[in-house]
Amino acid sequence: MTEAFSPDPFRLFAVIVAAGRGSRFGGPIPKQYARLKGSAVLRTTAQSFLSYSRQVSVIVVIHPDDRALYDQAIEGLALLPPVHGGATRQDSVRLGLEALDAAPQDIVMIHDAARPLLDHAIIDRAIAALQASDAALVAIPVRDTIKRGEAGVVIATVDREHLWRAQTPQTFRYGRIMSAHHAALGLDLTDDAAVAEQAGMTVELVMGSEDNFKITTADDLARANRLVGTGYEFRTGQGFDVHQLVKGDHVWINGIRIPHSAKLLGHSDADVGLHALTDALLGAIGAGDIGNHFPPTDERWRGADSSKFLAHAGELIAEKGGTITHCDVTIICERPKIGPHRAAMVTRIAEILKINPVRVSVKATTTEELGFTGRKEGIAAQAVATVRLPALD
Ligand code: MG
């Protein structure tokens, strides 16, 4: 990021206003502490200043009741100590400004906590505007046709040509805005640009962005989550299983019946591959193991088709809003040869889990005739599963 301009020595401050109660949001906590991609909205807002190329000192104005939420939200960020807000937004901003150890020529940007998607180009434009103007107001021109209505009926079409929608940050020299706020004490002004206008300052309009919108409703929060990316996290689980080979004529492996000179011993159908994969999926969501869900002491599962176990793990993931990204199962044995059945196994696992077969991998290996698998006393399987889940609160 290049400096917007250089010869003027100033320090840069940001006052983030987070004292509102967000009554239109409707959630249990104020909107500035709601979850945006797994952390608080306020944290993303503060980081948009902290990650700017030039050093920015950031102070947050909070509601006294929100101290615990605030501490949790900004943990690990280098911010100035917070200040408590006042009865109105105007009071809160003034209290934030008064708490700054700033010189008159320093630049202060006043910003809504609920506008987390502020980009650095906007900060650049706002600072650059102060070369020529007393103040900079980030805004976007109104492009929709604007109607004036009364009792649900249009009474006029408003000329939108000169209309702008005000956003934040609103940017000022510290000395000018501080005295403008003191002069405006007792007035009820809608934003800091209005405070500046009241003091006779020139307020330059600076192009904002549609993404720099204010989170007011739950729909806004959902939109912000879509914009910042996934809102998901990925988890991995692993599973391992062994079954003994005894006298018999077929084995079940990965949901496929394979004629063989022995069979696998177990309470269920002893499908070692599906058992390992079931455990991997359960592990990815921290849901215990196959024995918790289908105890071998339970008569219901005697001779059971292990596809039931695997399908159940898939359902538990779906209940959590998760999806299976990938499964990888390795069968460890000398015999039977897995290769000829690999494609059928992939298809069957995908079918049981209701996922695309490209998300399934089946592999096989021997142990070079070493150990119990090498002596054909049993078959082992291991599996790794990756699951996408909604990001944790
Ligand atoms: Mg087993």
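This briefing walks through selected features of one structure, topic by topic.

The model is predicted: local features need pLDDT of at least 70, side-chain atom pairs count only at pLDDT 80 or more, and totals for chains, interfaces and linings use all residues. Residues are numbered from 1 along each chain as its sequence is written, and side-chain values use heavy atoms, with hydrogens and water left out. Helices (H or I, at least four residues) and strands (E, at least two) are DSSP runs, numbered from the N terminus.

**Metal site**

- The magnesium ion has three protein donors: Asp-241 (OD), His-243 (NE2) and His-275 (ND1). They lie 2.1 to 2.2 Å from the ion.
- Donors are N, O and S atoms within 2.8 Å of the metal (3.2 Å for Na, K and Ca); water is not among the atoms, so sites may look incomplete.
- Along the sequence, the donor residues follow the spacing D-x1-H-x31-H.
- Distant parts of the chain are linked here: Asp-241 sits in strand 12 (residues 232-247), and His-275 sits in helix 8 (residues 272-284), 34 residues apart.
- Asp-241 is buried, at 17% relative accessibility. His-275 is buried as well, with a relative accessible area of 8%.
- Buried means under 20% relative accessible area, exposed means over 50%, and partly exposed is in between (1.4 Å probe, protein chains only).

**Helix packing**

- Two packed helices are described by the angle between their axes and the distance between the axes.
- Helix 10 (residues 307-319) packs with helix 11 (residues 342-353) at an angle of about 50°, and their axes are 8 Å apart.
- Axes are lines fitted to C-alpha atoms, for helices over the stretch in contact, and angles run from 0 to 180 degrees between N-to-C directions.
- Helix 10 and helix 11 are therefore oblique to each other. Angles under 35 degrees count as roughly parallel, over 145 as roughly antiparallel, 65 to 115 as roughly perpendicular, and the rest as oblique.
- From helix 10, Ser-307, Leu-310, Ala-311 and Gly-314 meet Arg-348, Ile-349, Ile-352 and Leu-353 in helix 11. Contact means heavy atoms within 4.5 Å.
- The residues of this contact between helix 10 and helix 11 divide into five nonpolar, two polar and one charged. Ala, Val, Leu, Ile, Met, Phe, Trp, Tyr, Cys and Pro count as nonpolar; Asp, Glu, Lys and Arg count as charged; the others, Gly among them, count as polar.

**Aromatic pairs**

- Rings of Phe, Tyr and Trp (its six-membered ring) pair if their centres lie within 6.5 Å. Planes under 30 degrees apart count as stacked, over 60 as edge-to-face, and the rest as tilted.
- The count comes to three aromatic pairs by this rule.
- Phe-294 and Trp-301 form an edge-to-face pair, 4.9 Å centre to centre, with 85° between the planes.
- Phe-294 is buried at 12% relative accessibility, and Trp-301 is buried at 13%.
- Ring pairs join Phe-294, Trp-301 and Phe-309 in a cluster.

**Backbone features**

- Most residues other than glycine have a negative phi, and most peptide bonds are trans.
- Thr-168 and Pro-169 are joined by a cis peptide bond, with omega about 10°. Pro-169 belongs to strand 10 (residues 164-173).
- Arg-335 and Pro-336 are also joined by a cis peptide bond, with omega about -5°. Pro-336 is in the loop between strand 16 (323-332) and helix 11.
- Glu-368 is not a glycine, yet has a positive phi of about 55°. Its loop runs between strand 17 (360-365) and helix 12 (371-374). Glu-368 is exposed, at 65% relative accessibility.
- Glu-369 has a positive phi near 65°. Glu-369 is found in the loop between strand 17 and helix 12, and is exposed at 57% relative accessibility.

**Single residues**

- Ile-177 is in helix 5 (residues 174-183), and is buried at 0% relative accessibility.
- Not counting residues up to four places away in sequence, Ile-177 touches Leu-97, Val-108, Ile-110, Phe-172, Asp-192, Val-195 and Ala-196. Ile-177 and Val-108 are 69 residues apart along the chain, with their C-alpha atoms separated by 8.6 Å.
- Ile-155 is in strand 9 (residues 153-158), and is partly exposed, with a relative accessible area of 48%.
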